[in-house]
Amino acid sequence: MSIFLLITSLCFYLVSTLLYLTLLVSGKKGLGIPAHLSLIAGFFLQFISLVLRYVEAGYTPTTNLHEALLFLSFCIAGFYLYLRRIYRIEIIGCIIAAILAVILIWAVMFPVAIKPLPPVLRSYWLPIHAIFSFVGNAIFFISFCVSILYLAAERSIKRKTLFSLSLRIPSLETLDSINYTCISYGFPFLTMGIITGSIWAGLAWGSHWNWDPKETWSLITWILYAILFHNRLAIGWRGRKTAYMMIVGFFSLLFTFLGVNLLIGGLHSYANW
């Protein structure tokens, strides 16, 4: 049942992408509402799918790559819908809907069977640590997309190569404001993800910090975003600097999320999908 809902959710994301693309190309603003409603429908179906998966498995579904991708995409959709209430910009909706569809297609390519949890994961810290970490990752994923959009828009303006689609890109000030909103929310979630992970590690392994590759790369990622957040508040980093730093931070985040498990291993090898 959860897979059926997941596939249905994917269909809504695809419809949303198609509607958004048509809106951006044709300029028919009336398509914005059905595109947004389709994305909301996909989000709620995905939520029900995750709840059913939780009931079937008996634990928070974040313990293999299939589940992790589902949970991450759900968090991305949720934070985008929150941003959409503040910034009514359709082109970001188009990007996010397409990305959600791609992530779900990728997720269903991995084994979906529910397996018993390793002893170390049988903890009430699993949902706490997972929620903070995944929400933080999702927010910075959106900030990465916004930063790419910012740099593309800036380049287009400087070279005076404006084309019809670029006219629908929000102003640089708006994109920079979204980036600030992302770092304001994403950094505390990322910080709490590391703190709760450290507490859990202390209970599971007897040490709060083991310099495991996952922990080390999490710290590197945190430092990058901490530098960005500090410089934004203290010395007024804006615009291009913020965008570049967001992109660097995201690649570090991506390597922590996927690269460490797939290429290095370590104490977190139980999650070597």
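Good morning. Read along the sequence, this chain follows the pattern α-α-α-α-α-α-α-α. It has eight helices and zero strands, where helices are DSSP runs of H or I with at least four residues, strands are E runs of at least two, and both are numbered from the N terminus.

The model is a predicted one, in which local features need pLDDT of at least 70 and side-chain atom pairs count only at pLDDT 80 or more, while totals for chains, interfaces and linings use all residues. Residues are numbered from 1 along each chain as its sequence is written, and side-chain values use heavy atoms, with hydrogens and water left out.

Let us turn to the overall form. The C-alpha trace spans about 60 × 50 × 30 Å along its principal axes. Of the 273 residues, 52% are buried, that is, under 20% relative accessible area with a 1.4 Å probe, protein chains only.

The axes of H3 (residues 65–86) and H4 (residues 90–107) come within 9 Å and cross at roughly 165°; axes are lines fitted to C-alpha atoms over the stretch in contact, and angles run from 0 to 180 degrees between N-to-C directions. H3 is therefore roughly antiparallel to H4, a term for angles over 145 degrees. Among the residues that meet, H3 contributes Leu69 and Tyr80, and H4 contributes Ile96 and Trp106; contact means heavy atoms within 4.5 Å.

Finally, where does Trp211 lie? Trp211 is in the loop between helix H6 (172–205) and helix H7 (213–234). Its phi is positive, about 55°, although Trp211 is not a glycine. Trp211 counts as exposed at 57% relative accessibility, since exposed means over 50%.

Definitions and conventions
Parallel < 35°, antiparallel > 145°, perpendicular 65-115°, else oblique.
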